[in-house]
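Student: Could we go through this assembly together, one interface at a time? I would like to ask about the chains and how they meet.

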Amino acid sequence: MSNSLSYSAAILFSLALHLVLVGALFVDWQPESERVMVQPQYIEAKLVELAPKKKAPPPKAKAKPKKPRVDLAKKKREEKKRLAKIAAQKKAAEKKRLEEQRRKKAEEQLRLAEQRRQQQEAERLRKESELDQALAAEQALINARKDEQAANSYRQLIRQRLSENWSRPPSARRGMETLIRIRLVPTGRVVGVTVLKSSGDSAFDRSVEQAALKAEQFVELQAMDPALFERKFRQVDVAFSPEDLRL
Amino acid sequence: MKVTSIKSGLSALLFAALLAGCSSNPVVDEEPTSTDIEDTSVQTGQVDTSEIEDVAVETVTADTIFYFDFDKALLKPESRAALLEHSAMLQSNPRNVRLEGHADERGTREYNMALGERRAQAVKEFLVLQGVSPSLIEVISYGEERAAAYGSNEDAWGLNRRVELK
Amino acid sequence: MDCQKRKTPVSQKIFALIILLLFSSASHSELVIRVTQGNDKPTKIAIAPIDQSGIQSGEDISRIIESDLQRSGLFKTIDRRDMLAFPGSAQDVYYRDWRLLGSEYLVVGKLRAVGGGRYQLEFSLLNVTAQKTELTHKVNGSISQMRDLAHLVSDKVYQEITGIRGAFSTRLAYVTAVRKNDKYTYRLSVADADGAREQLVLESAEPIMSPSWSADGKELAYVSFETGRPAIFRQNLVTAVRQQLTNFTGLNGAPSWSPDGTQMALVLSKDGNPEIYLLNLQSKKFTRLTRHFAIDTEPTWMPDGKSLLFTSDRGGTPQIYKLNIATKATERLTFSGNYNARPSLAPDGRTLAMVHRQTDTFHIASFDLKTGRMIELTETRLDESPTVAPNGAMLMYATKQGDKGVLAAVSLDAGVRYVLPSRIGDVREPAWSPFLR
């Protein structure tokens with residue numbers, strides 16, 4: 001019963017997780033766009049540096065007190081040239097900028113693609129890890145069950161040994177029950193017996209204690225996984241309630 | 001007259017037996033007690049028969065033992081036939097009769113005492129019905145205590161489920 | 001990778017939780033091991049020879065104890081020849097010596113003279129498995145009471161281990177019939193529960209039947225044919241004083257002492273057929289209790305003294321009925337089987353032993369007055385006269401071995417059975433005394 005419950009719980013959880021993931025997909029856009037913004041600034045900075053190199057010299061030539069006779073036509077031609085140069089420069093700069101933009105776009109696209117790929121990869125890995133976790137959980141379940149099976153087979157052994165050693169007194173009746181706690185060590189030896197719940201009949205209680213003491217040692221427990229022993233067999237509670245008596 | 005003398009002899013012997021019985025203590029004093037009582041019963045039987053013979057009633061060929069089925073006190077047809085003869089004889093020559101009832105070993109002892117008595121009563125009732133005076137008939141039961149045949153089988157048991165007319 | 005972890009911590013936690021839940025449900029102590037069957041072997045017990053320090057008692061006390069415990073069917077004694085030592089007290093005991101023999105318990109004891117012709121037996125019961133002393137006790141007695149001291153040890157040991165009072169200090173009354181050349185000798189005797197110290201109560205050439213103990217264990221009532229007819233007598237076992245109680249024609253039988261000792265229930269057929277009467281032992285007055293043309297016999301008292309159980313065939317076949325002494329009302333109790341007779345009540349007031357026939361064999365059966373459940377106890381044939389021990393642990397009855405009448409014992413749950421050592425002749429009609437101490 002607990003199995004189907006945990007299964008459905010697991011299904012629900014993985015569904016929720018998938019939803020979370022899908023949501024995460026959209027949520028994750030925002031940090032990316034922040035990064036995108038940073039890059040262009042970096043590129044633009046380069047452009048900015050080119051221009052000041054040309055402008056720099058003129059401020060240095062501060063010998064301005066002489067006012068040489070300027071040939072207007074020459075000035076105009078020079079101005080034209082200069083303007084043309086500037087225009088050409090501007091064009092070139094514009095071309096470069098456009099190229100840069102294109103390059104930037106291409107890079108951008110590459111980056112996007114890369115991002116997408118990374119995202120897909122991440123998602124794939126996430127899914128994988130989800131699967132891994134699901135498998136791990138299932139494995140844990142299987143291991144738990146195996147442990148339980150192993151524990152059960154040891155319990156069965158203990159039960160049989162105790163039953164073989166249990167001689168009931170004549171006052172024993174169906175319906176009587178004594179609960180004892182047996183303390184064991186990893187060698188399987190019985191090191192202590194305590195009555196947790198008495199049957200009300202002292203001879204019956206004693207017969208139960210004797211059974212545990214007579215069993216003495218469950219040698220087979222030495223083959224048990226030590227962790228399992230610690231978890232479940234350091235202390236064993238046993239209820240004795242006869243069902244095979246005539247009276 | 002001889003009947004009365006036997007009666008007093010009987011009672012004297014019975015008295016002696018009673019005294020002997022009372023005197024038995026944890027000390028073993030076997031011979032006198034048992035012998036006396038045994039002689040009594042044996043003698044009684046012998047004396048009775050000889051008396052009957054003396055009276056010269058020859059029809060003693062009729063059975064004196066009547067048998068019964070398990071846990072039953074019903075007279076069988078052959079018993080009735082024999083008892084008719086006895087009743088006739090007893091009416092013409094009255095004498096004291098002792099009917100001893102018995103049972104086989106199966107079942108409990110006291111219940112078998114009652115069963116033996118019931119059987120003897122059945123015989124007495126039949127005789128009384130035929131006209132025999134009831135005061136002549138004594139009924140006593142031995143239950144399973146006085147077996148006629150030994151063994152735990154149907155044959156022995158059949159022989160023990162009886163009433164003896166004495 | 002780190003991002004992913006950060007992204008999905010919740011799901012991992014949930015998975016971990018599921019696993020934890022599963023694990024915890026598995027290791028929860030509600031999965032208690034349940035033992036529902038046992039292996040009722042006799043408990044192994046060693047009775048070390050009592051240290052009698054040279055006192056010539058004429059009895060081997062340890063042997064008597066061994067025999068008592070073995071006879072109960074619940075113990076198996078260790079052979080003396082296997083014992084490595086004969087300790088006289090708990091401090092001299094090396095538990096390992098006794099563990100090696102497989103013994104669960106050990107009894108040790110010392111006998112000492114204490115002056116004035118008296119002797120003291122100090123004994124201990126030790127639990128070898130648990131390695132501890134369960135009890136130590138002292139008893140005193142004269143030289144002729146050694147058997148009684150031994151039985152007392154058995155009583156105490158038995159009670160300590162089983163929780164039930166021991167009945168080893170009780171006695172048995174019984175009838176023997178010896179046949180010689182078609183002549184019978186009947187004897188009524190009383191012996192210790194183990195058959196020792198047999199004492200003759202009555203000897204006769206005529207049948208003796210139905211011995212019944214008084215509640216104080218001092219007297220016997222019985223039926224004797226010594227007068228030529230069955231009559232009821234009472235006899236004091238100590239003084240041997242006898243008294244004839246009935247002398248009616250017809251049946252005089254099945255005497256049964258009331259629990260308070262003032263009355264005797266018995267059977268008389270003087271009024272036409274076997275009926276049950278009460279005899280007041282003081283006033284000698286008879287009171288008739290049953291009025292039916294059927295056979296009513298074998299009365300036995302309920303512990304409260306207000307009702308009787310008896311056998312009657314008023315229903316067609318012998319069955320057990322209950323009679324209210326005050327109202328004389330009767331009630332049928334048994335409906336299983338075609339023959340139920342000779343009720344004998346166990347001290348619990350609830351279990352009834354009787355002779356029972358289902359098909360064609362007579363067995364002893366136990367009947368639960370509360371539930372109406374009938375259990376056949378014996379596999380022997382032609383069983384009769386069941387008598388229950390005053391501790392309810394055992395019942396004795398008469399049966400046949402071949403052609404010979406013998407006494408046999410069986411426990412009320414049919415777990416223990418044995419046949420008593422045979423005596424000369426037939427033994428029958430056992431009656432178990434009440435507790436005598």
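What follows is a set of questions and answers on confidence and on two interfaces.

Tutor: Welcome! This is a predicted model, in which local features need pLDDT of at least 70, side-chain atom pairs count only at pLDDT 80 or more, and totals for chains, interfaces and linings use all residues. Residues are numbered from 1 along each chain as its sequence is written, chains are lettered from A and ligands numbered from 1 in the order in which they are written, and side-chain values use heavy atoms, with hydrogens and water left out.

Student: What ipTM and pTM does the model score?

Tutor: Both scores belong to the model. The values are ipTM 0.85 and pTM 0.72.

Student: What is the mean pLDDT of chain C?

Tutor: pLDDT is the predictor's confidence in each residue, from 0 to 100. In chain C, 92% of the residues reach 70 or more. There are stretches with pLDDT below 50, including residues 1-6 of chain C and residues 24-30 of chain C. The mean pLDDT of chain C is 90.

Student: And over which residues of chain A is the pLDDT below 50?

Tutor: Chain A averages a pLDDT of 79, and 78% of its residues score at least 70. The stretch you ask about has 11 contacts in the model beyond near neighbours in sequence, a contact being heavy atoms within 4.5 Å. It covers residues 29-65 of chain A.

Student: How many contacts does the stretch of chain B with pLDDT below 50 have beyond near neighbours in sequence?

Tutor: Chain B averages a pLDDT of 75, with 64% of the residues at 70 or above. Its stretch below 50 runs over residues 14-58 of chain B. Beyond near neighbours in sequence, the contacts there number 44.

Student: Turning to chain A and chain C, how much area do they bury between them?

Tutor: The contact brings together 50 residues of chain A and 47 residues of chain C. Buried area is the accessible area (1.4 Å probe) that two parts lose on being put together, summed over both. Carbon and sulfur atoms account for 58% of this area, and the total is about 4,400 Å².

Student: Which three residues supply 16% of the area that chain A buries against chain C?

Tutor: These three supply more than any other three residues of chain A. They are Gln133(A), Arg206(A) and Arg246(A).

Student: Which residue of chain A forms a salt bridge with Asp40(C)?

Tutor: Side chains of opposite charge can pair when their charged atoms come close. The rule asks for a side-chain nitrogen of Lys or Arg within 4 Å of a carboxyl oxygen of Asp or Glu, and it finds six salt bridges across the interface of chain A and chain C. For Asp40(C), the closest N and O atoms are 2.6 Å apart, and the partner is Arg168(A).

Student: Which element gives the most to the side of chain A that touches chain C?

Tutor: Helices (H or I, at least four residues) and strands (E, at least two) are DSSP runs, numbered from the N terminus. Elements that each supply at least two residues here are α1 (2-27), α4 (72-164), α5 (202-215) and β3 (235-240) of chain A. With 17 residues, the one that gives the most is α4(A).

Student: What is the bridge partner of Ala239(A) in β1(C)?

Tutor: Two strands pair if DSSP finds at least two bridges between them. Three bridges join β3(A) to β1 (residues 33-35) of chain C, and the strands run parallel. The partner of Ala239(A) is Arg34(C).

Student: Now for chain C and chain B: which residue of chain B forms a salt bridge with Asp313(C)?

Tutor: The contact takes 54 residues from chain C and 39 residues from chain B, burying about 4,000 Å². Five salt bridges cross this interface. In the pair you ask about, the closest N and O atoms are 3.0 Å apart, and the partner of Asp313(C) is Arg118(B).

Student: Which element gives the most to the side of chain C that touches chain B?

Tutor: Elements that give two or more residues include β8 (183-192), β14 (252-257) and β30 (426-432) of chain C. The one that gives the most, with five residues, is β8(C).
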